[in-house]
Every structure is written in structure tokens, then in C-alpha cells.
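User: I would like to learn how to read a structure feature by feature. Could we start with pairs of charged side chains?

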Amino acid sequence: MGRWALDVAFVWKALLTLGLVLLYYCFSIGITFYNKWLTKSFHFPLFMTMLHLAVIFLFSALSRTLVQCSSHRARVVLSWTDYLKRVAPTALATALDVGLSNWSFLYITVSLYTMTKSSAVLFILIFSLIFKLEELRAALVLVVLLIAGGLFMFTYKSTQFNMKGFSLVLGASFIGGIRWTLTQMLLQKAELGLQNPIDTMFHLQPLMFLGLFPLFAIFEGLHLSTSEKIFRFQDTGLLLWVLGSLFLGGILAFGLGFSEFLLVSRTSSLTLSIAGIFKEVCTLLLAAHLLGDQISLLNWLGFALCLSGISLHVALKTLHSRGEGGSRPLKGLSSNPDLELLLRSSQPEDEDNEEEDYFVAQGQQ
């Protein structure tokens, strides 16, 4: 009887993990193809990103309200001093990362975007070394070389290479390295009380919106105001279709962040990291099959080399985590009464560094 109960519990946990991974895949892969699809007919990616930020803020505020009503505990609200001094740098870096990434879809294929964005791990490592969040080791140097070499092979003599789009997404990856390093440092400041990603998203979105607005005003403001698809619209049906499409993207963006949170809180950051590796493979295969992206043998070899670097980084993190007591869900998330509306779990709190691993893993998104 005891063995049967253990088997049932194992199967249930495996099915739950699989379901959460598939949910994460749906949002992550879905928003990539959505952005590419929408930018083919709607050439205002910065405006699209700003509207997504507004939707994420609304859903984050709604989630905070539901959790507060369920737990009867007030949510954290930062003072203006802490908000502008500590959150603003992270918000600005995040806004540029997301904005430039979406902007690049005007010029490059999904496959080139996916491969180049994977290099964010490279920049995360570099900035982690600069901010002394990581120690320089020979294995990290090998990871950097594998990822950089793989990126070079993937883009070398690519038939669908576009320098402008590649520069935009590479710049986004570079800024992404700063973004996730700052995010990690922000969440490690326990006195701020932003360990819950819902609270983090709620506080980041307004400053992200303001940080992206100058770029929008310079590059898209005039064109958007004279476009028939928005401000000079003549067809109400077309306007509603555009706004509905943009709103759908905001739902996907919020769902991506929330599905990552659910996956890590109910499993571990290692699960997210491994799922992220296979997600890149799925995205490239879908891009080649559905969109006709042309990927040569050399490009595939470069992609494999880059993935080997990312896999090595994940393996090193796993060994480090095992040495400190094992890979476990995020500390306190699944047992925190603030999240009873969102998560039902009785797992104990552990002294672990999974938050650091979680947000380093986000560089693969």
C-alpha cells in the first residue's frame, strides 16, 4: 500500500511538472511567434511593447488585490525614494531589453532572434563577474567561449542575416545581462520586500513604460499619429482588431512571467533552466517548419555549440546547488500565506540560493 501511494505521488508530481512546463512553453514560444506575426502588419514594436507593459501592470495589480483579499495582508508598496533609487535602474534596463527585442522582429527571422537572444547568458555571466556575483573559474571561461563560438557559427554566412536586426537583438542581450544582474541584486534586498515576482512586476511596469516612452516618441510617435491603423483610423473594425491583437500580446507577456514563477515555485530553477534549453530547440524547429526559416548545417552546429555552453552552465549551477543542499523550489514562495490563492503547497522553507539561479535562468528567455 505504501509503495503504491509513493508511485501515485511520483506520477502526480511528474504530470504536474509536465503540465507546468507545457504551460511555460505555450506562453514563451507563443509570444515569440506572436511578436513576429504582429510586426509583419503592425510596424510599431515600441508602441506594442508599451501597451503590453500597461496590460501586465493591470493584471499584476489585479493579482495583488486578489491575494490581499484572500490572505488579508497588505501588499508591499515602496516609498518614492526606494522606488526611484533602487527600482528605476532595473526597470530601465528591462524596458530596453524587451523593447529592442521586439524591435528586432521587424528585420530578422525567429530563428536568428532565438539564437542571438540565447547569448544573454553570456552577458549575464560577464556582469555577474563584474558585480562579483560569480567567481572567475576556468569552467566559466569555457562556457563563454562555447556560447560566443556558437553564436558566430550560427550567424556566419547566414542566408537570412540582417545586420540591423541582429544588432538590435544583440544589444538587447547585452542589456539583458545588466537587467538580470540588477534584478537579482534587487530581489536579494530583503528589506524591499519584492521577493514575490507579482510585486516585482507591479513595481517595474510604470517605470519601464516611462523609460521606453522617449524611444517611442523619437522613432514611432509621428508615424503612429499619422497611421490609419491607430490615430488616423477610418475603419472602426480595423482599430478594434489592432487593439485586440495588442491586448492579446499583453496577456501572453503576463502569462509568460507568471508561468515561469509557477514552474520554479512548484519545481526548481533547474527545471526551468533545462526546459529553457529544450524550448530553444522547439522554437527553431517550429520556425523552420512553419515560417520557412533557412538554417544551414553550419548554423545548426553553431546552435548546438551554444546550447552545449548553456547546458554546461546549468550543470555547473546544479553541482553548486547540490553542494549546498540540493535543488529545491524557491525559498518560502510555496509556503507563504500571501500566495494561498495562487499556490497550494506544504513544502518546507529551505535556506537556499534558488532565487539567484532562477533569475540567471531567465536570460535564456
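Analyst: A salt bridge here is a side-chain nitrogen of Lys or Arg within 4 Å of a carboxyl oxygen of Asp or Glu. R64 and D199 form one, with their closest N and O atoms 2.6 Å apart. This pair links distant parts of the chain, with R64 in helix α2 (residues 45-71) and D199 in helix α8 (residues 197-219), 135 residues apart. The model is predicted: local features need pLDDT of at least 70, side-chain atom pairs count only at pLDDT 80 or more, and totals for chains, interfaces and linings use all residues. Residues are numbered from 1 along each chain as its sequence is written, and side-chain values use heavy atoms, with hydrogens and water left out.

User: Are R64 and D199 buried or exposed?

Analyst: Buried means under 20% relative accessible area, exposed means over 50%, and partly exposed lies in between (1.4 Å probe, protein chains only). R64 counts as buried because its relative accessibility is 7%. D199 is buried too, at 2%.

User: Which other residue forms a salt bridge with D199?

Analyst: R75 does, and the closest N and O atoms are 2.6 Å apart. R75 sits in the loop between α2 and α3 (80-104), 124 residues from D199 in helix α8. R75 is buried, with a relative accessible area of 9%.

User: How are helices counted, and how many does the protein chain have?

Analyst: Helices (H or I, at least four residues) and strands (E, at least two) are DSSP runs, numbered from the N terminus. The protein chain has 13 helices and zero strands.

User: Why is helix α4 described as largely enclosed?

Analyst: Helix α4 (residues 110-117) has eight of its eight residues buried, so it is largely enclosed by the rest of the structure. Among these buried residues are V110, Y113 and K117. Helix α5 (residues 120-130) is also largely enclosed, because eight of its eleven residues are buried. Its buried residues include A120, F123 and F127. Just after α5, K132 takes a positive phi of about 60°.

User: What does K36 touch?

Analyst: Contact means heavy atoms within 4.5 Å. Not counting residues up to four places away in sequence, K36 touches F105, I108, T109, V110 and L291. K36 lies in helix α1 and counts as buried, at 13% relative accessibility. For the protein chain, residues 24 or more positions apart account for 84% of the contacts with a separation of 6 or more.

User: What is a nonpolar core, and which residues have the most contacts inside the largest one?

Analyst: A nonpolar core is a set of buried Ala, Val, Leu, Ile, Met, Phe, Trp, Tyr and Cys residues joined through side-chain atoms within 4.5 Å. The largest one has 79 residues, and F42, F47, V87 and L246 have the most contacts inside it. Helix α10 (residues 236-266) gives the largest share of this core, ten residues. Leaving out residues up to four places away in sequence, F42 touches several residues, including F47, L224, K229 and L246.

User: Where does L262 lie, and is it buried or exposed?

Analyst: L262 is in helix α10, and its relative accessibility of 13% makes it buried. The C-alpha atoms of L262 and Y24 are separated by 8.9 Å, although the two residues are 238 residues apart along the chain.

User: Where does UniProt place the feature "transmembrane region"?

Analyst: UniProt positions are given in the numbering used here, feature names are shortened, and annotations may be inferred rather than shown by experiment. The unreviewed UniProt entry places this feature at several stretches, including residues 12-34 and 238-258. In the model, residues 12-34 are 100% helix and 0% strand, with the end C-alpha atoms 32 Å apart. Residues 238-258 are also 100% helix and 0% strand, and their end C-alpha atoms are 30 Å apart.
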